[in-house]
Amino acid sequence: MITLRVNGVSRTVDAEPDTPLLYVLRNDLALHGPRFGCGLAQCGACTVIMDGAAVRSCVTPAARAAGRKVTTLEGLGSVEKPHPVQRAFIEEQAVQCGYCINGMIMTSRALLDRKPNPSDREIRQALAGNLCRCGTHPRIIRAVKRAATLMAKGG
């Protein structure tokens, strides 16, 4: 049994300690924001925020998340009140197929939490490990900059 604190709620799951956190999130907790992409921590589709840092849940053992604060895409905001990063991605139409967007949003949130006004270069560096095959990178960069402005204004 592993007790996790996900999106502000403590949940106990029956899982082996080395089970990837991604599997626990999707299969046991029915959180489908993080996606399986490569299984090798190379694409970013599975990104969650753990204690403020963007981590790849496909290679993170569930036991490593015990006692730590885990946030998934579902924990950022709601349909009625999206988080400023989610709102900015919507307003900039930064989503095309949507497969990478979980990683882009979660990585952007972690970046903005530690650097509220990043340069284009810093945004590109932070997102470099997130693969997007649709080519919406210019819109994604604009969305992160818009999110920074929205967050600075309080939402």
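At what angle do H3 and helix H4 pack, and how far apart are their axes? I kept in mind that this is a predicted model.

**Entry 1: H3 and H4**

I looked up the pair and found an angle of about 130 degrees, with the axes 10 Å apart. Helix H4 covers residues 101-114. Angles over 145 degrees would count as roughly antiparallel and 65 to 115 as roughly perpendicular, so H3 is oblique to H4. I also noted the handedness: H3 passes H4 in a right-handed crossing. Next I listed who touches whom. H3 contributes Val85, Gln86 and Phe89, while H4 brings Ile101, Met104, Ile105, Ser108, Arg109 and Leu112. Sorted by class, I have six nonpolar residues, two polar and one charged in this contact.

**Entry 2: H3 and H6**

I then turned to helix H6, residues 137-152, which packs with helix H3, residues 84-91. Here I wrote down an angle of about 135 degrees and axes 8 Å apart. H3 and H6 are therefore oblique to each other, and their crossing is right-handed. On the H3 side, I found Pro84, Val85, Arg87, Ala88, Phe89 and Glu91 in the contact. On the H6 side, I found Ile140, Ala143, Val144, Arg146, Ala147, Leu150 and Met151.

Which classes make up the contact of H3 with H6? I noted ten nonpolar residues and three charged ones, with no polar residues.

**Entry 3: a cross-check**

I went back to two H3 residues. Val85 and Phe89 are listed in the contact with H4, and Val85 and Phe89 are also listed in the contact with H6.

Note on methods:
Residues numbered from 1 in each chain as written. Predicted model: local features only at pLDDT ≥ 70, side-chain atom pairs only at ≥ 80, totals over all residues. Heavy atoms only, no water. Axes fitted to C-alpha atoms, helices over the stretch in contact; angles between N-to-C directions. Helix = DSSP H or I, 4+ residues; strand = E, 2+ residues; numbered from the N terminus. Parallel < 35°, antiparallel > 145°, perpendicular 65-115°, else oblique. Left-handed = near helix turned anticlockwise from the far one by under 90°. Contact = heavy atoms within 4.5 Å. Nonpolar A, V, L, I, M, F, W, Y, C, P; charged D, E, K, R; others polar.
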